[in-house]
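Me: Could you help me learn to read strands and surface patches in a protein model? I'd like the general idea first, then the case at hand.

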Amino acid sequence: ASQLKADNDRARFAYEYAVKRWGKNLVDLAGIGFAPGRGALLEWSKQNGFPTELMVELGLLRRKDGRLYDGFYDRVIMPIYSRSNQVLGFIGRVIDDGSPKYLNSPESFLFKKGEIIFGLNVAAREGAKEGIFYLLEGAPDVYRLQSIGAPNAVASLGLAWSKVQFETLLKYNATVCFIPDIDPPKDGRQFGPGILGVMKNGKTAIEAGLKVIVEEISPENVGEKADADSYIRSKAVLDEIPKEDFVIWYANKHLQGKGSSVERAEVMKDVCLLLANIREKDYLKMLVSRLSKAFGVTSSILQNAVNDAVKGNVEKKKITGGQMMDRELYSRYGFYENRHCYYSLNKDGIETRWSNFIMQPLFHIKDQINPKRLYRIVNVTGHEEIIELKQED
């Protein structure tokens with residue numbers, strides 16, 4: 001960060017770029033810095049006794065043809081923090097027309113791209129308090145929302161979100177809200193990369209057990225590119241963007257241009273697979289009611305299709321998915337594990353949740369006076385404990 005305020009023309013240019021884009025307060029709070037290159041980091045690591053191989057492993061130095069050079073060169077540097085504010089890696093953004101525009105730290109023992117959520121160190125408390133996280137495409141979008149008073153903004157380090165990342169957010173018992181980039185379609189596709197990315201990531205989030213909504217920004221000119229960083233300039237603008245349940249948004253997008261009954265039936269089948277993952281009965285009932293109108297069918301027809309999808313999921317789970325315990329539990333007792341809970345099915349394929357935890361027996365401590373059993377218990381948020389129960393309990 002000290003290099004960003006160094007007394008030279010390039011550092012001043014980088015500082016003005018960062019402050020103009022995100023504001024002085026955020027630049028200071030986020031620890032945004034500048035990598036001048038020209039061997040500055042290599043020299044600094046030598047002077048401070050940092051092992052060369054460790055610096056190479058972390059991507060701070062790079063080696064080519066036996067020569068060491070700085071891993072980040074002439075870039076504004078955005079630190080990537082863990083939930084507990086430890087620096088795990090960096091994102092470097094060029095400040096001119098260089099390429100690539102963004103450069104991330106490489107995968108290492110410290111930096112695991114598919115597990116890290118950018119901005120969670122700031123967003124966690126507010127996201128849990130407000131009951132919502134804004135999911136964006138990149139670090140600049142997160143900085144934009146943080147700078148306008150929406151600290152509950154996070155991003156993946158790439159277009160795709162992983163199941164591990166969604167399981168982390170699940171612990172906060174909050175809704176996730178995607179704000180897709182608006183960009184033109186490529187390769188003859190119907191939608192641009194931003195919309196396609198949210199379609200894919202939203203499905204993964206629902207399968208992970210999250211409640212998902214979408215806020216789709218609307219540029220003034222049709223066909224114009226826009227993202228959260230360029231479009232959302234105030235909290236008022238953010239609050240005015242319409243919110244839509246992901247499944248309804250997803251269905252309406254896929255129904256565009258689908259005129260035949262065969263095409264619409266295929267969309268309905270796809271949507272029912274999503275609805276089969278929703279556990280809240282009242283919420284599911286509301287979605288079925290709204291979507292039945294979109295598909296031009298009765299609520300009972302759509303609900304039956306959802307029930308069939310649920311049955312299919314369970315049969316698939318019995319045959320190919322889950323742990324051996326899942327199949328054994330279902331065949332012997334009629335219930336199964338899913339997302340750290342126990343479920344059963346009635347004759348219509350409707351799920352009933354029997355617990356918000358699962359238990360695994362570990363040890364039986366035999367004693368004539370006070371026999372005990374130890375269990376590993378994992379609750380719906382993934383929190384794990386070892387508990388002790390008396391044998392009679």
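**Reading a strand and its neighbours**

Reply: Happy to! Keep in mind that this is a predicted model.

Me: Which strand does β10 join in parallel, and by how many bridges?

Reply: That partner is β9, residues 175–178, and three bridges link it to β10. The two strands also belong to a right-handed β-α-β unit, with helix α8 (residues 193–207) as its helix.

Me: What about the antiparallel partner of β10?

Reply: That is β11, residues 243–245, again joined to β10 by three bridges. Here Glu-215 stands opposite Lys-243.

Me: How should I think about the two faces of a strand?

Reply: Side chains in a regular strand alternate between the two faces of the sheet. Now look at β10, residues 212–215: Val-212 and Val-214 are on one side, with Ile-213 and Glu-215 on the other.

Me: Are those four residues of β10 buried or exposed?

Reply: All four are buried, so both faces of the strand are covered.

Me: Now the surface, please. Which residues form a nonpolar patch there?

Reply: Leu-362, Phe-363, Ile-365 and Ile-386 do, and together they have about 380 Å² of accessible area. Strand β15 (residues 357–365) gives the most to this patch, with three residues.

Definitions and conventions. Residues numbered from 1 in each chain as written. Predicted model: local features only at pLDDT ≥ 70, side-chain atom pairs only at ≥ 80, totals over all residues. Heavy atoms only, no water. Buried < 20%, exposed > 50% of the residue type's maximum accessible area, 1.4 Å probe, protein only. Pairing = 2+ DSSP bridges. Right-handed = clockwise from strand over helix to strand, strands pointing away. Patch = residues over 30% accessible without salt bridge, like charges linked within 9 Å, V, L, I, M, F, W, Y side chains within 5 Å. Areas by Shrake-Rupley, 256 points an atom, 1.4 Å probe, with all protein chains shown as cover. Salt bridge = Lys/Arg side-chain N within 4 Å of Asp/Glu carboxyl O.
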